[in-house]
Amino acid sequence: MSRRRTLIEAAGWLFFVGVALYFSFDFNEPLPGFKFGAAHWPHVIIAFMTVAAGVLIAAQFLKGRRIEGQADQFFDEIEEDIEKLKPRTVAMFILPLLWVFGMHKIGFLIATPIFIFICTWLMGVRSWRTLLGFTSCFYVSLVLIFYKWVFTPLPMGAGWFHSLNGEIIGLVQ
Amino acid sequence: MQEFLHGTELLFTSPIGVSIFVGGLLGGLVFGAIPGLNVLTLAAVLLPFTAWFPAEHAIMLYGVIYVSGIYGGAITAILFNIPGSVENAPTAFDGYPMTKKGEASKAIGYAVTCSAIGGTLSAILMMFATEPLADFAVSTFGPIEITALIFFGLTVVAGVGSRSLAKGWLSLGLGLLIGCIGNDPVDATPRYTFGVLYLSGGVGFIPLILGLFAVSEVFIQSQRMATGTHRKPKISVNFPTVSEFWALRWAVVRSTVIGWFSGILPGVGATLAAFLSYNEAVRWSKTPERFGNGEPEGVVAPETANNAATGAAMIPLLALGLPGGALTAMMIGVFNVHDMDVGPLIMVEAPDLVWILFSSMFWASLAILLLGMVESKTIVHLLRVPFTLLAPGILVFSTIGAYALRSNIFDILSMFLAGIAGYFLRKSDYSVAAIVMGVILGKIGENSLAQALTMLDFNYLGFFQEPVSAVLVVAGLLTIVWNLTRRLRKYFGVNKRVTS
C-alpha cells in the first residue's frame, strides 16, 4: 500500500476520532453514581485510537528499504491491490438500499421478488428462464417458510400497501 | 452415575420423551442454522406450550434446544459467512476462509466434533461439580476480575484478521466506539444518538455482524465477478483425520476450560466463551498470522468453548437461580410455569428433573456428533449452487435475520450500511473480526468497568491490588509488549538482511 494512501487513511481516522471527541462533550457531565461521567469510556477509546492512528503514521516513516518482491514486515506490511469499483458493484451497493426503502413503502411481500430478480441479473445471470424460474421458486419458498410455517413478522409497507399485504398474508395462511 | 442412568432411563423409556428429544434436537439445528430463526425465537415460541408437557420433558426440551442450536449456527457461519447467532461469529473468522479453500467439509467436521466434545465434557463436569464450582466462580469473579479478563481479551483481539497491528488496533477501537452508541450503562445517558430514537438502543449486534460478514462478502464476490477474478469454492467431503484432531487436542482442552468458566459467570455465557477462546487460540499459536485465513484451530476453539458453556451455564442456574443468558432465563420461566423455583434446593426437591436435564444435554451432544458426521458430507453440496444464485439468497436471509429480532426497518438499513463499510474496510486490510469483538467485549467490559471503578473508589491502580485481576491486567500488558516486539524484531530482521 502506498505511503500516501496510508497517510490519508490515518488522517481520516484522526478526523473521525476528532469528531467523536467533539460530540462526546454533549454527555461529559459527571453522573451522580459515577463521577467520571458517561464520556469516560468513549474518551479512553478515543485516546487509544489516536495512538493507533499515530502508530500507523509513524510506521510509514520508520519503514526501511523494501526488498524486491517481499513485504515489509512492520506495522503495515502488505501491498494491497485495491481495484477500482466496477459499476456493477456500485449498483449492488445501491440496490439493497432501494429495496429497504421499497420494503418500508410497499412491504416485503411486493418488494422482494423485484429485488431478487434485479439482484440475480446484477450478479450476471442473463437467461430469462433462469431469472424468472429462480425468482419465482425462491420467492414461493420464502413465503411458505416465513409466512405460512414460521409466522415471522416482516415489513408490511405503508398506507394502502399495508392493507394489501395483510390480505395477501391472510390468503397464504 | 446411578442418578445419570436414572435420568437417561426417564428420558428414553417414554415415547413422548424421545419424540420431544428428537424434535428439540432437529428444531435447534434448523433454527440455529438459519439467520432470523435463532434458538431464542424457537424457545420463546415454545414457552407457553411447555405448560402442557410434564415438567421433566419441558425442561429437557430446553436443554436439548440450547445444545443443538449453538452448534446449528456454525453451519451457515462456515458455508456462507453468516453466523446463525452471536456465539458463532468467531467460527466464521476461519470457517469461511476454509470453505473458500475447499475445506468446508473439514471445517464442519471440526465444528461438529468439537461441539460434541465441548458439550459432552461440559455435561460430565456439570454432573459432578455443580455446587462447588458455582460457589468458586461466583465468589471469585466479580466486576473487577471480569473487567480485567475483558481487558486481557481485548489486547489479543488486535492481532486477529489484519496483517497490520495499527490497523488491528484501529478496527478494535472502531468496534469499541460503535459499542458506545446508545444509552450508557450507568445512568442511561444518551451517547452519539443525535436525537435519533433508534440509536438510543444501540446499534443492533446481529445486523452489524450480518452486514460486516455476509453482506460485505456478497459485495466482494460481486466485484470479483465484475472483474473476472471470482473463483468457485472447491468441494471436498473429507472429514478431519484422527491425527489432525490429535494435533489440536490442547486447543480443545483449553477451550473447554475457557468455555466452562465463562459459562459459569452469570450474564457472560457462551458469547464471551467463544470470543475469549478464539483470542486464546491466537495468543497460544506459534503461527498467529494464519488465523483469519482458514486456520482449523480458529474453528475448533470457539465451537468447543460455546458448547462447553452450555453445560456450565446450568450451574449458576440450578445452584443459585442465576441465568447466564436469555435462553437460561427462559428456562427459569419453564420452571415457574410448573410451580418450581430454581436455586440450591432444586437438587433436593426435584432431583429427577435435574438429572433428566443433565442426561438430555449429554445425549444431545453425542447425537450432534452423529448427525453432524452425516451432515458434513451432505450439506457442503449447497456450495455447488452458483454464487450468482446464492447472493440474492444470502441478502434476503440476512435481511430477514436482521429484521426478525426487533421488527425495526432501521436494523436492515444499518446492516446494509455496515455491509458497504465492511467492503471498504476489508479491502483496506482492516479486521472486521476485531470490530465485532470490540463491540461485544466493549459492551460487557464497560458495564463491568463502571461497577469495578465504583468499587475501587475510581482508582485504576486498584486493579493491581486484587490477585486475579492483577494477573490478568499484567498478562494483557505483556501481550501488547509481545505484539510490538514481535513486529519490531521482524522489521529489524528484514532491514538487517537488506543491509548485509
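Which residues in H5(B) are buried? In this predicted model, the buried residues of H5(B) are Ala89(B), Pro90(B), Thr91(B), Ala92(B), Phe93(B), Asp94(B), Gly95(B), Tyr96(B), Pro97(B), Met98(B) and Thr99(B).

**Helix H5 of chain B**

- H5(B) is mostly covered, since 11 of its 12 residues are buried.
- Helix H5 of chain B runs over residues 89–100, and because each residue is taken at 1.5 Å, its 12 residues should span 16 Å, which agrees with the 17 Å that separates its end C-alpha atoms.
- Just after H5(B), Gly102(B) adopts a positive phi of about 85 degrees.

**Extent of the contact between chain B and chain A**

- Chain B contributes 74 residues to the contact, and chain A likewise contributes 74 residues.
- About 6800 Å² of area is buried between chain B and chain A, and carbon and sulfur atoms give 77% of that area.

**Polar and charged pairs across the interface**

- The rule finds one salt bridge across the interface of chain B and chain A, and Lys167(B) forms a salt bridge with Glu9(A) in which the closest N and O atoms are 3.3 Å apart.
- Nine residue pairs are in polar contact between chain B and chain A, with both residues at pLDDT 80 or more.

**The side of chain B that touches chain A**

- Elements that each supply at least two residues to this side of chain B include helix H8 (165–180), strand S2 (190–191) and helix H21 (467–499).
- H18(B) gives the most to this side, with 13 residues.
- The residues of this side divide into 49 nonpolar, 14 polar and 11 charged.

Definitions and conventions:
Residues numbered from 1 in each chain as written. Chains lettered and ligands numbered in written order. Predicted model: local features only at pLDDT ≥ 70, side-chain atom pairs only at ≥ 80, totals over all residues. Heavy atoms only, no water. Contact = heavy atoms within 4.5 Å. Buried area = accessible area lost by both parts, 1.4 Å probe. Salt bridge = Lys/Arg side-chain N within 4 Å of Asp/Glu carboxyl O. Polar contact = N/O pair within 3.5 Å; in protein donor to acceptor, adjacent residues only side chain to side chain. Helix = DSSP H or I, 4+ residues; strand = E, 2+ residues; numbered from the N terminus. Nonpolar A, V, L, I, M, F, W, Y, C, P; charged D, E, K, R; others polar. Expected span 1.5 Å × (residues − 1). Buried < 20%, exposed > 50% of the residue type's maximum accessible area, 1.4 Å probe, protein only.
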